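User: I am new to this structure and would like to understand how its side-chain contacts get their names. Please take me through them with care.

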Amino acid sequence: QVQLVESGGGLVQAGGSLRLSCAAPESIFNNYVMGWFRRSPGKERQFVAAISRSGVRTTYADSVRDRFTISRDAAEKMVNLQMNSLKPEDTAVYYCAADRSGAWNKGDYWGQGTQVTVSS
């Protein structure tokens with residue numbers, strides 16, 4: 001069973017930073033578009049950011065653009081999400097995901113999620 005394993009969540013004050021990491025099997029890391037999604041209580045899952053297989057192209061939700069940065073670490077087979085200037089509304093469970101096409105119709109693989117809580 002393919003596993004995407006997230007780490008790095010926690011509690012931070014508004015304005016602070018956190019770095020999330022996602023460890024992926026090599027076959028997934030090399031061949032899939034990787035992304036981050038989040039789900040807040042009572043809300044639907046929301047796209048946060050994605051990065052192409054090569055790492056050249058990135059996309060972001062409007063709500064996080066200019067504050068979050070997604071990147072790939074080819075040596076470690078990790079996908080990272082650097083989150084700066086965090087706001088209370090960023091509080092959510094963050095999920096790492098992989099999608100073969102990059103269309104994100106459903107996502108092919110998902111991690112278990114890591115909690116991010118931003119206090120005001």
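This is a predicted model: local features need pLDDT of at least 70, side-chain atom pairs count only at pLDDT 80 or more; totals for chains, interfaces and linings use all residues.

User: Why is the contact of Arg38 with Asp90 called a salt bridge?

Analyst: The term requires a side-chain nitrogen of Lys or Arg within 4 Å of a carboxyl oxygen of Asp or Glu. The closest N and O atoms of Arg38 and Asp90 are 2.9 Å apart, and therefore the pair qualifies. Arg38 lies in strand β4 and Asp90 in the loop between β8 and β9, 52 residues apart, where strands are DSSP runs of E with at least two residues and helices are runs of H or I with at least four, numbered from the N terminus. Arg38 and Asp90 are also linked with Arg67 in a network of salt bridges, and the structure holds 4 salt bridges.

User: How do you know whether Arg38 and Asp90 are buried or exposed?

Analyst: With a 1.4 Å probe and protein chains only, buried means under 20% relative accessible area, exposed means over 50%, and partly exposed lies in between. Arg38 has 5% and Asp90 has 0%, so both count as buried.

User: Why is the pair of Tyr32 and Tyr109 called edge-to-face?

Analyst: Rings of Phe, Tyr and Trp (its six-membered ring) pair if their centres lie within 6.5 Å, with planes under 30 degrees apart counting as stacked, over 60 as edge-to-face and the rest as tilted. The centres of Tyr32 and Tyr109 are 5.6 Å apart and their planes stand at 65°, so the pair is edge-to-face. Tyr32 lies in the loop between α1 and β4 and Tyr109 in strand β10, so the pair ties together parts 77 residues apart in sequence.

User: How do you know that the charged end of Arg72 sits over the ring of Phe29?

Analyst: A charge sits over a ring if NZ of Lys or CZ of Arg is within 6 Å of the ring centre and within 35 degrees of the ring normal. The charged end of Arg72 is 4.7 Å from the centre of the Phe29 ring and is listed as sitting over the ring.

Methods: Residues are numbered from 1 along each chain as its sequence is written. Side-chain values use heavy atoms; hydrogens and water are left out.
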